[in-house]
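Here is a short report on one protein model. Keep the structure open while reading.

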Amino acid sequence: MVEPRDPEASLPEHRLLTQDDPPPVQVLRADGRSDLLLVVDHAGRAVPAALGRLGLPESEFERHIAWDIGALGIGLHLSALLDAALIAQAYSRLVIDCNRRPGHATSIAPRSDGTDIPANVGLDAAACGARIAEIFLPYQDAVAAAIDARAAAGRETVLIAVHSFTPVMAGRVRPWHVGLLTNHDPRLGHALMALLEREGDLVVGDNEPYSLSDLDDYTVPVHGERRGLLHVELEIRQDLIAGESGQRSWAERLARLLPPAVAACRAPGAPPSPLRSAARPAIADPRRSG
Ligand SMILES: [Zn+2]
């Protein structure tokens, strides 16, 4: 008689997460009624117990290099205010950055904003592979599965990636309160920008302080652009949303402005998606390009 195959036998040798580690993906309101799907790539700052603290002092986990300060709070409030599904990553971007193609120079960054990350230096393929397989892919697969399930149910998805940025980077003060990042399809970004500028008290960045690109971003190019979904990547300045009251007021503002911005994109006569037209630009597949 043949012994049943050990179910663990096919798993990679380097298993990273144990039962004591948090699951990599947090999903909230999966059946929320809103067309908006909120994704927070840099929500968390957990580190698998097996990696210690990555060789870093605890103070580094208070900094923007470890996570997007305030972004999860914005996502949670927005999810509640709009009854929108939310998918968030629990692990620090210093373990693996879930908005970078695996293999990208900053996917598992050996250095970030002046800080060396000792546990990210000289990793072999198996160690990198474990972080990809157990943290990056479950998160990205959850986003893909959520969009697939909504499509199968005949539901629209508008992808909203929630990020935050540090007010000072490399000695430069950043004047924007909020930045809207788009690349091949700026429809929702432009519609939301018009509404934010009408608020009268905001400096709004158009692809500032970062721009969205096929090579240096992952979530929006893969799930938003390649599927031709309405999308925008939000960047909110961290000093405005470090505390609960700022997170709430910014979420209330966005909950007030996002639905009319989406409606403007869907209004009769509004331009169609440039990604669904015959002149569709070639978008690199970040998962295959490295
Ligand atoms: Zn981010």
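A170 sits in the loop between strand 7 (168–169) and strand 8 (172–173). This is a predicted model. Although A170 is not a glycine, its phi is positive, at about 50°. A170 has 7 other C-beta atoms within 10 Å, so it counts as exposed; the cut-off for that class is 12 or fewer.

N207 also has a positive phi without being a glycine, here about 55°. N207 belongs to the loop between strand 10 and helix 4. With 17 other C-beta atoms within 10 Å, N207 is partly exposed. P209 lies in the loop between strand 10 and helix 4 (219–225). The peptide bond joining E208 and P209 is cis, with omega about 0°.

**Overall build**

The protein has 5 helices and 11 strands. Its radius of gyration is 19 Å, close to the 19 Å from the globule rule for 290 residues, so the protein is as compact as a globular protein of that length. The C-alpha trace spans about 65 × 50 × 35 Å along its principal axes. Of the 290 residues, 42% count as buried. Take the contacts between residues at least 6 apart in sequence: 84% of them join residues at least 24 apart.

Seven strands form an open sheet with mixed pairing, in the order 1-3-2-6-11-9-10. Strand 1 (25–28) and strand 10 (204–206) are the edges; each has a single partner strand, so one side of each lacks a neighbour in the sheet. From one strand to the next, the twist averages 20°. Strands of a sheet pair through backbone hydrogen bonds, either parallel or antiparallel.

| Strand pair | Sense | Bridges |
|---|---|---|
| Strand 2 (residues 36–40) and strand 6 (residues 158–165) | parallel | 4 bridges |
| Strand 6 and strand 11 | parallel | 7 bridges |
| Strand 9 (residues 178–181) and strand 11 | antiparallel | 4 bridges |

L36 is bridged to V158 in strand 6. F165 stands opposite R237 in strand 11. V178 has I236 of strand 11 as its bridge partner.

How many residues of strand 11 are buried? In strand 11 (residues 231–237), 7 of 7 are.

**Core and packing**

The largest nonpolar core holds 65 residues. Within this core, L37, L38, I160 and L192 touch the most other members. Helix 5 (residues 244–266) contributes the most to the core, with 7 residues. In soluble globular proteins, nonpolar side chains tend to be buried together.

What does I160 contact, beyond its neighbours within four places in sequence? Its contacts are L36, L37, L38, V232, L234 and L258.

Helix 2 (residues 125–152) lies across strand 1, strand 2 and strand 3 (85–89). Helix 2 runs at about 165° to strand 3. E156 is in the loop between helix 2 and strand 6. E156 is partly exposed, with 14 C-beta neighbours inside 10 Å. E156 and L37 are 119 residues apart in sequence, yet their C-alpha atoms are 9.6 Å apart in space.

How values were computed:
Residues are numbered from 1 along each chain as its sequence is written. This is a predicted model: local features need pLDDT of at least 70, side-chain atom pairs count only at pLDDT 80 or more; totals for chains, interfaces and linings use all residues. Two strands pair if DSSP finds at least two bridges between them. Helices (H or I, at least four residues) and strands (E, at least two) are DSSP runs, numbered from the N terminus. Axes are lines fitted to C-alpha atoms, for helices over the stretch in contact, and angles run from 0 to 180 degrees between N-to-C directions. Two residues are in contact if their C-beta atoms, placed from the backbone, lie within 7 Å. A residue is buried if 20 or more other C-beta atoms lie within 10 Å of its own, exposed if 12 or fewer, and partly exposed in between; C-beta atoms are placed from the backbone. A nonpolar core is a set of buried Ala, Val, Leu, Ile, Met, Phe, Trp, Tyr and Cys residues joined through C-beta atoms within 7 Å. The radius of gyration is taken over C-alpha atoms; the globule rule is 2.2 Å times the number of residues to the power 0.38.
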